[in-house]
Amino acid sequence: MLADSRSVQLNQSITIKPIILLGVALGGMVDGIVLHQVLQWHHMVSHADPSVSQFKSMVWADGLFHGTTYLLLLISGFWIWRLLLQHASLWTTRQIIGGLLSGWGLFNVVEGLINHYLLELHHVNETVAFEQ
């Protein structure tokens, strides 16, 4: 009985932050791979009709973005691994799914509001005219 209560206290004290960070990383990676590379809808920096030098800067910015998401993936993975080495069973399935979805949503809110609307760094779909 005592072991169960200790385990519950331990589970409640463990942070969900590494799971949320993993969700942010996965959201960024899916955005970068699917929207930037596969669909080629946009890059981190948009130009209506890019010159070669502008296109190089667009690809460079995409590379920084992909590198950052990969770094976040490594950091969150290492953080989770370290916590799991210390405590065998940390999170419930609901906590893991909730943390991943929270992180993914956080990425999309920040990326959508800041990059798309406030800074106007790029448009969601560059194959559509900018006026639309």
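Helices (H or I, at least four residues) are DSSP runs numbered from the N terminus, as are strands (E, at least two residues). The structure is a predicted model, in which local features require pLDDT of at least 70 and side-chain atom pairs count only at pLDDT 80 or more, while totals for chains, interfaces and linings use all residues. Residues are numbered from 1 along each chain as its sequence is written, and side-chain values use heavy atoms, with hydrogens and water left out.

Ile 97 is found in helix 4. With a relative accessibility of 46%, Ile 97 is classed as partly exposed (buried means under 20% relative accessible area, exposed over 50%, and partly exposed in between, with a 1.4 Å probe and protein chains only). The C-alpha atoms of Ile 97 and Ile 19 lie 8.6 Å apart in space, although 78 residues separate the two in sequence.

Aromatic contacts were then examined. Rings of Phe, Tyr and Trp (its six-membered ring) pair if their centres lie within 6.5 Å; planes under 30 degrees apart count as stacked, over 60 as edge-to-face and the rest as tilted. Two aromatic pairs are counted by this rule. The ring centres of Phe 65 and Phe 107 are 6.1 Å apart and the planes meet at 40°, so this pair is tilted. It joins distant parts of the chain, since Phe 65 belongs to helix 3 (residues 52-86) and Phe 107 to helix 4 (residues 93-118), 42 residues apart. Both Phe 65 and Phe 107 are buried.

The rings of Phe 78 and Trp 81 have centres 5.6 Å apart and planes at 45°, so this pair is tilted. Phe 78 and Trp 81 both lie in helix 3, three residues apart, about one turn of the helix. Phe 78 is partly exposed, at a relative accessible area of 48%, and Trp 81 is partly exposed at 46%.
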